[in-house]
Amino acid sequence: MMVVIARISSSYVVAMLTLLLHMVPLLEAGVLFSSLERTLVVSVMANNSTPFEVARAGEDDLHVSWSLNMSFASGFDASYKSVKLELCFAPVSQVNRNWRKTDNDLQKDKTCQFDIALQPYKAVGNYTVWKIPKTIPKATYFVRAYAVNSAGTQLAYGQTTDKNKTTNLFVVEAITGRNASLDIAAGCFSAFSVLALFFFFFGEKKFHHSA
């Protein structure tokens, strides 16, 4: 009798462990991007100029506006509490760069790494200006917006590009660390060096002739 009970108990434990092992990935998984509806309309300009193709890190501003797509039924956005705006890498800037890799699981997704703003949700009249930080690397980008609930869970999205992320993209040029003052100083130093070398050469030559 005890042997039978022991066998049943061990089988039960194995079954429970197997079930838990299968549940762990589900518990760890985040929201799937493919499950989100595209309910937000998002647009972006650089320094109030549209269309644009290039913006400069540390110098230019991104002007981002977003609103609800009014083609959806009234009230479906009742759970929207905030909207997160993010700067995202386009596919062309993700090639051979695993640290920028897109994943359907938003907990693992590395497409959008730069926060632009977190704004309270309202259906229309949403706008923000974001100066591109000097630390943004040179790459091709787009802007994405996530509608989130009170817990911060993504419920819907919108973006400035198409589904395949091939249109309305823009390049951010990284800061070079040089400015006009430095260039002028470098030019003056170079000119001084040439003159100094010139006078040294002819002074040396004159000295040998005198000797």
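Analyst: Contact here means heavy atoms within 4.5 Å. The model is predicted.

Start with Phe-170. This residue lies in strand 10, residues 170-173. Phe-170 is buried, with a relative accessible area of 2%. Who surrounds it? Along the chain, Val-44 and Phe-170 are 126 residues apart, yet their C-alpha atoms are separated by 9.9 Å.

Now the sheet with strand 2. Three strands form an open sheet in the order 2-4-7, and the pairing is antiparallel. Strand 2 (40-46) and strand 7 (126-131) stand at the edges. Each has a single partner strand, so one side of each is left without a neighbour in the sheet. On average, neighbouring strands of this sheet are turned by 20° against each other, direction ignored. Strand 4, residues 61-68, is joined to strand 7 by six bridges. Across this pair, His-63 stands opposite Val-129 in strand 7.

Last, a charged residue. Asp-109 is found in the loop between strand 5 (82-89) and strand 6 (112-120). Asp-109 is buried yet has no salt bridge. Its nearest side chain of opposite charge is Arg-144, 4.3 Å away. Asp-109 does have a polar contact: 2.8 Å joins its side chain to that of Thr-111. Not counting residues up to four places away in sequence, Asp-109 touches Lys-101, Thr-102, Asp-103 and Arg-144.

Conventions: Residues numbered from 1 in each chain as written. Predicted model: local features only at pLDDT ≥ 70, side-chain atom pairs only at ≥ 80, totals over all residues. Heavy atoms only, no water. Helix = DSSP H or I, 4+ residues; strand = E, 2+ residues; numbered from the N terminus. Buried < 20%, exposed > 50% of the residue type's maximum accessible area, 1.4 Å probe, protein only. Lys, Arg positive; Asp, Glu negative; His and termini not counted. Salt bridge = Lys/Arg side-chain N within 4 Å of Asp/Glu carboxyl O. Polar contact = N/O pair within 3.5 Å; in protein donor to acceptor, adjacent residues only side chain to side chain. Pairing = 2+ DSSP bridges. Axes fitted to C-alpha atoms, helices over the stretch in contact; angles between N-to-C directions.
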